[in-house]
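I opened the model to look up the ligand shell first.

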Amino acid sequence: MSADYALYGEIAVITFNNPPVNGLGLATRTAAVDGLRRAQEDPRVKAIVITGAGKAFSGGADIREFNSPKALTEPTLHTLIRTAEESAKPVVAAIHSVCMGGGLELSLGCHYRVTLPGAQVALPEVKLGLLPGAGGTQRLPRALGLETALDMIVSGNPVPSEKLPALFDEVFGADVDLVPAAVAFAAKIADVRPLPKVRDRQAAHADPAAFLQDARGRVAAAAGPFPAPLECVETVAAAVTMPFEAGLAFERERFMHLIGTPESKALRHAFFAEREAAKVPGVPADTPRRPIERAAVVGAGTMGGGIAMAFANAGIPVTVLESTQEALDRGLAAIRASYEGTVRKGRLTPEQLARRIALIGGTLRYEEIALADIVVEAVFEQADVKEAVFRQLDAVMKPGAILATNTSTLDVDRIAAVTRRPQDVVGTHFFSPAQVMKLLEIVRGRATGNDVLATVLALAKKLKKTGVVAGVCDGFIGNRMIEQYVRQAGFLLNEGCTPAQVDGAIERFGFAMGPFRMSDLAGNDIGWAIRKRRAVERPEITYSRTADLLCELGRFGQKTGAGWYDYRPGDRTAHPSAEVDAMIAAHVHGLGHAPRVIGDAEVVERLVYALVNEGARILEEGIALRASDIDMVYLTGYGFPLFRGGPMFYADTVGLPAVLAAIGRFAAGPHGEAWQPAPLLARLAAEGRGFNDR
Ligand code: NAI
């Protein structure tokens with residue numbers, strides 16, 4: 001039973017009871033419909049109140065029923081709403097806290113709505129590439145007018161209940177006890193007939209045709225590749241152009257269409273992937289966590305400064321430790337300048353700036369950070385420098401402090417081994433700019449404690465980041481895969497592409513930024529240093545020489561005003577460079593083969609399947625716990641197009657046999673040595689399965 005039934009004198013009260021947010025799953029719907037029928041049959045009952053126990057009226061459809069036949073099993077949400085709407089006795093929705101999706105659609109089928117202020121009211125379906133499919137597109141415009149309803153349905157954003165007076169028959173005071181107040185309201189209207197129904201109203205607007213025409217243009221421009229926002233406009237339009245029942249049928253049809261689109265599937269995948277990523281085998285939800293009340297960061301460079309800001313933005317006081325006063329002053333000034341830029345853009349008030357700056361301190365002395373609950377090391381990427389820092393931390397930090405490293409490539413186990421507390425050491429790999437980027441790769445060392453992992457996963461959430469757990473290997477999940485992608489981009493230059501052609505193709509595929517623009521932003525010298533190290537450690541790995549030649553020209557990227565592209569002072573726009581074109585042409589000429597014309601499709605396959613093939617290895621080695629974790633890394637840290645759901649999901653939609661066949665073709669091509677298919681990919685393809693249904 002996931003809804004309770006009780007009598008308050010002549011008023012029946014049905015209370016959803018399906019934690020955490022009273023999702024309208026099958027058991028809850030059944031109990032609610034039973035309650036409504038029972039109230040009809042009981043001659044003592046004059047009116048009915050529907051409300052929710054705990055933290056919500058209702059958060060909408062039960063996400064645990066997504067992709068399951070239960071969602072379509074009677075009583076469906078439609079049936080529940082109709083049962084309320086057609087009740088011979090008045091039905092009052094008593095709304096508090098959260099009223100979203102199907103929960104709001106149900107309340108629109110009720111005859112009356114009462115609420116406490118501050119309830120979050122939304123139809124968020126568009127965020128999953130869908131539209132409200134249980135009458136929301138037809139009833140909300142009739143309740144709130146065309147304009148407000150369209151805004152809510154197209155944006156999916158919550159609106160506090162007190163801002164929607166037209167939706168409610170009464171907004172109680174914040175300190176009112178909701179159920180008794182709703183019962184009193186129900187008693188007051190118990191005899192009023194006819195029963196008011198939202199469906200009988202008109203969707204108000206002075207000039208609906210002009211408004212809708214304008215909305216189509218506006219929404220289409222903002223929707224990018226996603227079909228749902230425009231479908232939302234069209235179904236809302238039906239609330240004015242069609243009779244109610246026809247509008248409902250149209251809504252149903254468009255909903256069923258959207259549910260099958262790859263864009264909606266990708267968004268739903270990402271939605272679940274984010275939740276899954278927080279679950280780590282061996283680290284159950286009740287694993288004890290260490291309190292994080294103050295933090296420290298060692299190194300106030302690009303990353304250290306950003307990481308300190310991420311802590312301050314979450315309200316956590318943080319002390320930054322540097323090796324010289326000059327570096328400390330420079331680092332703190334950079335933090336201030338970054339915040340001031342945000343204030344100039346109007347995204348932070350001067351008061352917020354002052355509060356955040358006040359949370360950030362600086363020091364040159366380890367003793368002053370000894371009491372921090374977590375310290376994140378972000379010094380130079382050199383093993384000896386980092387190991388020296390960790391020896392110091394081991395000597396001074398209080399027992400139980402978490403010692404984290406932001407290393408991009410070094411071995412977390414080796415770093416842990418220089419301390420006497422390897423169980424407290426973990427990798428926290430932030431992405432640049434650390435105060436902005438959502439991804440946090442959490443690197444689990446051999447000895448990392450489960451409570452440390454649980455604490456850092458919770459901290460990621462507090463910092464508003466998506467934490468994804470990775471095992472120890474060179475590059476972890478994200479950078480290990482991107483190396484193969486960047487390697488292919490280089491080979492494409494050897495074979496006849498220009499940087500602009502490669503970037504253009506992958507940006508048309510939907511990436512935020514192609515590999516060459518990305519390298520110019522990050523600094524081409526970083527990859528140069530890595531390749532020099534690789535040349536010693538693993539000389540068998542081949543690369544296009546073009547990136548080294550570029551660095552030999554001193555073209556390190558935006559920071560030197562020249563990289564794969566030319567840049568004008570103070571402007572990040574990438575302009576194709578004659579010098580680079582000539583360098584590449586001379587290199588290709590020296591290779592002794594004729595350049596060929598390479599189309600967008602091949603560029604995309606070469607780059608994306610390089611990610612997929614390495615991702616399959618990472619999965620097989622257990623570096624990533626699941627394919628969807630790899631997708632999360634790429635969606636939140638590398639600008640992979642959200643509407644394609646991440647590299648592994650995308651490979652599943654293409655079909656693994658087709659991916660494998662393409663890899664076979666590339667293996668026979670000019671840089672075939674880079675294309676041994678991952679055993680897991682070959683096996684899943686043979687079994688007719690995908691990465692995400694392992
Ligand atoms: P950076 O060169 O901008 O900053 C390093 C800072 O550490 C400098 O301010 C330096 O003075 C300070 N430092 C050096 N030795 C120190 C010591 N013994 N004690 C205290 N401070 C010391 O470097 P960046 O880019 O911030 O990188 C830092 C770490 O983050 C590296 O491990 C890097 O691999 C990693 N990382 C870098 C990313 C990036 O995009 N730049 C992304 C993710 C990780």
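**Ligand shell**

I sorted the shell around the ligand by class: 13 residues are nonpolar, 11 polar and two charged. Here Ala, Val, Leu, Ile, Met, Phe, Trp, Tyr, Cys and Pro count as nonpolar, Asp, Glu, Lys and Arg as charged, and the others, Gly among them, as polar. This is a predicted model: local features need pLDDT of at least 70, side-chain atom pairs count only at pLDDT 80 or more, and totals for chains, interfaces and linings use all residues. Residues are numbered from 1 along each chain as its sequence is written.

I found 26 residues around the ligand, and the closest are Gly299, Gly301, Met303, Glu381 and Ser432. Helix H11 (302–313), helix H12 (325–344), H14 and strand S15 (425–430) each give the shell at least two residues. H11 has the largest share, three residues. Helices (H or I, at least four residues) and strands (E, at least two) are DSSP runs, numbered from the N terminus.

**Sheet**

I traced an open sheet of eight strands with mixed pairing, in the order S12-S11-S10-S13-S14-S15-S16-S17. Strands pair if DSSP finds at least two bridges between them. S12 (360–363) and S17 (466–471) are the edges; each has a single partner strand, so one side of each lacks a neighbour in the sheet.

I then checked S13 (residues 374–377). S13 runs parallel to S10 (residues 295–298), joined by four bridges. Alanine 295 has isoleucine 374 as its bridge partner. S13 also pairs with S14 (residues 402–405) in the parallel sense, over four bridges. Valine 375 is bridged to leucine 403, and glutamate 377 to threonine 405.

Which faces of S13 are covered? Both are: Ile374 and Val376 on one side, Val375 and Glu377 on the other, are all buried. Buried means 20 or more other C-beta atoms within 10 Å of the residue's own, exposed 12 or fewer, and partly exposed in between; C-beta atoms are placed from the backbone.

S13, helix H14 (residues 383–396) and S14 form a right-handed β-α-β unit. Right-handed means that, with the strands pointing away from the viewer, the path from the first strand over the helix to the second runs clockwise.

**Alanine 278**

I placed alanine 278 in the loop between helix H10 (262–277) and S10. Is alanine 278 buried or partly exposed? It counts as partly exposed because it has 17 C-beta neighbours inside 10 Å.

Notes:
A residue is near a molecule or strand if its C-beta atom, placed from the backbone, lies within 6 Å of it.
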